[in-house]
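Please look over the sequence and the model below before reading on. The report is meant for a reader who is new to this structure.

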Amino acid sequence: MAISIGAGAGTARRVRSVPIRRALRRLTEDPAEALLEFAQEAGGEVVRLELGPFRPYLVTHPDHVQQVMRLEWTNYQRVGMFWRPLERLFGHSIMGDGEPWRTSRDILQPLFTTRYIATIAEEVSARVAGRIEEWDEHARAGRSIDATAEMSGILTYIVNRVLFGDKLSREDAERIVPAFDLVSHSLVYRFLMPFMPYFIRVPRDRACLRGVKQIDDVVFPVVERAMANPDDGLDVISVLCRSTNPDGRPLTAKQIRDALVSVYAASSETTAMILTWLWLILEEHPDVAARLQAEIDEVVGDGPARPEHVPRLAYTRMVLLESLRLYPSGWLLPRQVMEDAEIGGVRIKAGATVLISSYATQRLEEFWDRPNEFDPERFASDKGPDGERRHRYSYFPFGGGPHKCLGEHLFYVEAPLVVAAILSRYRISVRTPGPFTVAWAASLRPKGRIELGVSFAGRDRSVVPS
Ligand code: HEM
């Protein structure tokens, strides 16, 4: 690692930097591991990645993460080179910054309270059970399922209820999944070349625009119908139709579309990906898998998994929290510096990009004992092995500060319900040989297709015993 003078020099501390060839090579090979490697070498200090015209700062020390995400959050905004490509998909809403973010956050936040989630939990569990029963056929025929596609399918089914109150047909809901995949994979080239002006085409630009059009073809007609027939439903689309801008004007169809598409993207892909990683983790840790199974057998029996089971699934929650430590779906949170700043003694000029990576921070050995080991026991309490409370920003899979994830409570209900529903009915095995690496995408997803074997946990329940 090279050392150069921090931007603004004078009394500034020298900033470490990763030379361009190494930074580019490692980031294209294995992006999340590359950031961890750079962070480890810097021992928690701010480090600069030399990527040609684009030279972002990697910030991983929990104190510095807290400074960016909470204490000085208005100086680190979700605008600039990284966020611009996402505007194609999200428009101007909750996944942006400034006024459009504030307006949509104020409208959406009251919807995702623990109380509201409790009112829909019953329906969520019924839906999960219904969707999972479709695997019976695969279990009978010994056919594999595609992990990512199936986890996304289940999540889409849940999100359809929460967001659209069933105003979206199942066919339309399932048409959205491949369209989002297309956009997510196509945007990667814009992320890899964030400095490239928009009038120059980069690979997969057309595919990205096609994916956005497919999403709009599904979402706009539903929005227009809901606006023409407003109801008093508590689903997100109904609430948006009744909401107004700060000046009292009703939201436009475009504002409603932007909010729905943003929350859809934030909620389904993130949860689907951590549930995909979970099967890979359990395959590698049979002791954890056995303990998880024992808890589900005891609490849920042979099902169905219901909301009242969730508070008793303590080990399941610990397994999910530890999975999110090692495989946080929102692994990269870029921010643009609005006014000259200083982080850890390094001066940073307005306009620069700061990269926060939960993947890197949550694996730093300065803050985590045996950081690469999967050990759900860490989450038996919020203290480390030395009895000290963990730094709040050494673990932030749901972000922090004013942009903290709106869906955390929903996750704590839906994810254990999905895991318990699956494991009370089936036994799962991973049929694709590992090791698994991380793909370059907005959320942390495993590279390639992952096949899961599904067999009945007990008897085939569709066959009535004679
Ligand atoms: C494994 C599950 C999830 C993970 C790991 C996750 C992670 C995150 C992270 C890291 C952020 C912060 C983004 C930033 O600071 O730039 C965020 C924001 C957000 N998440 Fe989640 N999320 C998950 C599930 C959900 C769910 C189920 C919803 C459903 C509503 C949701 C809705 C949102 C929204 C709307 C934001 C933007 C909040 C804002 O900027 O004001 N997320 N999420």
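## The model

This is a predicted model, in which local features need pLDDT of at least 70, side-chain atom pairs count only at pLDDT 80 or more, and totals for chains, interfaces and linings use all residues. Residues are numbered from 1 along each chain as its sequence is written, and side-chain values use heavy atoms, with hydrogens and water left out.

## The ligand site

Cys405 (SG) is the only protein donor of the ligand's iron atom, at 2.3 Å. Donors are N, O and S atoms within 2.8 Å of the metal (3.2 Å for Na, K and Ca); water is not among the atoms, so sites may look incomplete. Cysteine 405 sits in the loop between helix H15 (358-361) and helix H16 (408-423). Helices (H or I, at least four residues) and strands (E, at least two) are DSSP runs, numbered from the N terminus.

Polar contacts are pairs of N or O atoms within 3.5 Å; within protein, one must be able to donate a hydrogen and the other to accept it, and residues adjacent in sequence count only if both atoms are side-chain atoms. A side-chain N or O atom of tryptophan 101 is 2.7 Å from an oxygen atom of the ligand. For arginine 335, a polar side-chain atom lies 2.7 Å from a ligand oxygen atom.

Three strands form an open sheet in the order E6-E14-E11, with antiparallel pairing. Strand E6 (144-146) and strand E11 (426-430) are at the edges with a single partner strand each, so one side of each has no neighbour in the sheet. Strands pair if DSSP finds at least two bridges between them. E6 and strand E14 (residues 451-456) are joined by 3 bridges.
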